[in-house]
Amino acid sequence: MRYGVAFTDKIHFNFIKHLLRDDGQEDLCFGLWNPGYGKNKHTAIVYKVIYPKKNERKVHGNVGFLSNYLERVIGLALKENAGIAFLHSHPHSGWQNMSYVDKKSEERMAKIIFSATDLPLIGLTSSNNEIWSARFWIKSKHGVYKKHWCESVKILGNSLIINYNENLLPLPRFKEELRRTFSAWGHDKQSNLMRLKVGIVGLGSVGSIVAESLARMGVANIKLIDFDYIKRKNLDRCLHANSNDIGKLKTEIVAESISKSATADNFKVLKINYSIVEEKGFREALDCDILFSCVDRPWARQVLNFIAYSYLIPVIDGGIIVGTNKDKTDLTGADWKAHIASPGRRCLECLNQFNSSVVSAEMNGKFEDLSYINSLDDNHVIKRNENVFAFSLSLASMEIMQLLSMVINPCGVSNVGRQNYHFVTGKMDVDEGGICNNDCPYTQLIAKGDNSGVKLTGKDLKAEKIRSKYLNINKNILYFTSKLFNKFIKY
Ligand SMILES: [Zn+2]
Ligand SMILES: [Zn+2]
């Protein structure tokens, strides 16, 4: 299992304001967190600061707190069904290790906190230059509390700042293959980009181009999430696919190709043949630092939107709309939009990227029902599928630029707003600083993680159908090869 901590920049500033004192003394406080448990990574999403009151801690000499402070925090945590984080500061810079006293006191606290809340204590240390280190204190089989270092602490605002634990995710070395990329923004920013764990949901035309770009730019960990396979009609748009690939899984084709073009050392690509709307695909996505939404179905978009706010995993999304005249002899419009759904920015529902009533039709299996599809207007969102490789190329590029703004933060600009490009006029509109509608439910879900009480995943009939078909094909291949093998043994 991997471990991590995430919080918004607002929470970060509140902690820092309290912990980094003008008199240079160390200080401490508590926070509350909600679990965001992915398939292979557990994240503590810290959402509240609980400042000490008068007579709850002493600052001079070695900083310490009194038992009434911890008792009050446990009471608050139990009320909110939350975990407890303990935070303190060190007067040194960079990623902080723990002193003997730190270890002993957190170990002791871990036992009390786990017995009360059933959740591990999360310990965090901030340096004097606002870098965090963090650990989970987990009860072992023998009842001993052991610390498990987090690989990163993520601070999400307009920009995505990640403090990496270099023992677990070492600084990438400079490579000749990436000389031009490194020289564009320097070693630090390139190292942050390379250590990001990026998930790409949907490997159609846009997703396959995004995957190739990330691999070439040196991103070392890419997770491909798609259950579908290549059909003949995809060949005009899916990068890397050719006629020999018809019938093969999209994840297979893309993974094989980007492994060849990847420039990072120890490049890892994971293939997840589930839909994001299935619990298994959803949990795989929660392991990522950032997600690309390259899907065309509304339910998938709704789940991704939920992940962006509830789990603090920014989702880069886009869409292409092509308009033709009645007899389909001329193009009347082609527009594509790129934006990021993340707390403080407008969500995908408020951007009209999906509509809840269409989502419920999809959840009820209507998209697999031909009579339902035939009954829809030709302009309905699920029937509009005109697209051209060049349009996808441009959109994929705009989505990657959104990622780069957020992570590289050039000249301090990390939020360029929603971009909308119009092919016919060659103009681009930019909608800066948009926020959600007043009644948007997603803003109520920020940092709630697994405690949101919302479940959007379910049975995806299309994904199940395709997987069972593949399982049968694989069984046949297995049977065939074992027959051959027997023959070989005989002779
Ligand atoms: Zn310390
Ligand atoms: Zn919204």
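Helix H11 (residues 389–408) lies across S15, S16, strand S17 (331–341) and strand S18 (418–422), and runs at about 20° to S17. Helices here are DSSP runs of H or I with at least four residues, strands are runs of E with at least two, and both are numbered from the N terminus. Axes are lines fitted to C-alpha atoms, for helices over the stretch in contact, and angles run from 0 to 180 degrees between N-to-C directions. The model is a predicted one: local features need pLDDT of at least 70, side-chain atom pairs count only at pLDDT 80 or more, and totals for chains, interfaces and linings use all residues. Residues are numbered from 1 along each chain as its sequence is written, while chains are lettered from A and ligands numbered from 1 in the order in which they are written.

S15, S16, S17 and S18 belong to an open sheet of eight strands, ordered S14-S13-S12-S15-S16-S17-S18-S19, with mixed pairing. Strand S14 (268–272) and strand S19 (427–431) stand at the edges with a single partner strand each, so one side of each has no neighbour in the sheet. Two strands pair if DSSP finds at least two bridges between them. Neighbouring strands are turned by 15° against each other on average, direction ignored. Strand S15 (residues 290–293) and strand S16 (residues 315–324) run parallel and are joined by three bridges. One residue pair to look up is Ser 293, whose bridge partner in S16 is Asp 317. Helix H6 (residues 250–261) also packs on this sheet. H6 touches strand S13 (221–225) and S14, and its direction makes about 175° with that of S14. For contact, the C-beta atoms of two residues, placed from the backbone, must lie within 7 Å.

Cys 436 sits in the loop between S19 and helix H12 (461–490). Is Cys 436 buried or exposed? Cys 436 counts as buried, because it has 20 C-beta neighbours inside 10 Å. The cut-offs: 20 or more other C-beta atoms within 10 Å of a residue's own make it buried, 12 or fewer make it exposed, and in between it is partly exposed, with C-beta atoms placed from the backbone. Arg 345 is 91 residues away along the chain, yet its C-alpha atom is separated from that of Cys 436 by 7.0 Å. Setting aside neighbours within four places in sequence, Cys 436 is in contact with Arg 346, Cys 347, Cys 350, Tyr 442 and Thr 443.

Now the other sheet. This open sheet has nine strands in the order S9-S8-S7-S6-S2-S3-S1-S10-S11, again with mixed pairing. Its edge strands, strand S9 (145–149) and S11, each pair on one side only. The twist averages 30° from one strand to the next. S3 has eight of its 10 residues buried, so the rest of the structure largely encloses it. On one side, S2 runs antiparallel to S3 and is joined to it by eight bridges. Gly 31 stands opposite Val 49 in S3. A hairpin through three residues joins S2 to S3. S1 pairs with S3 in the parallel sense over five bridges, and the bridge partner of Ala 6 in S3 is Ile 45. S1 also runs parallel to S10, with five bridges between them. Phe 7 stands opposite Ile 155 in S10.

How do the domains meet? The assignment, automatic or from a database, gives domain 1 (2–164) and domain 2 (176–459). Their centres, taken over C-alpha atoms, are separated by 33 Å. In domain 1, 22 residues are in contact with 24 residues of domain 2. The elements giving two or more residues to the domain 1 side are strand S1 (2–8), strand S2 (28–37), strand S3 (41–50), strand S10 (152–156) and strand S11 (160–164). S2 supplies the largest share, four residues.

Finally, the whole chain. It has 12 helices and 19 strands. The radius of gyration is 25 Å, close to the 23 Å from the globule rule for 491 residues, so the chain is as compact as a globular protein of that length. That radius is taken over C-alpha atoms, and the rule is 2.2 Å times the number of residues to the power 0.38. The C-alpha atoms fill a box of roughly 80 × 70 × 50 Å along the principal axes. Of the 491 residues, 42% count as buried.
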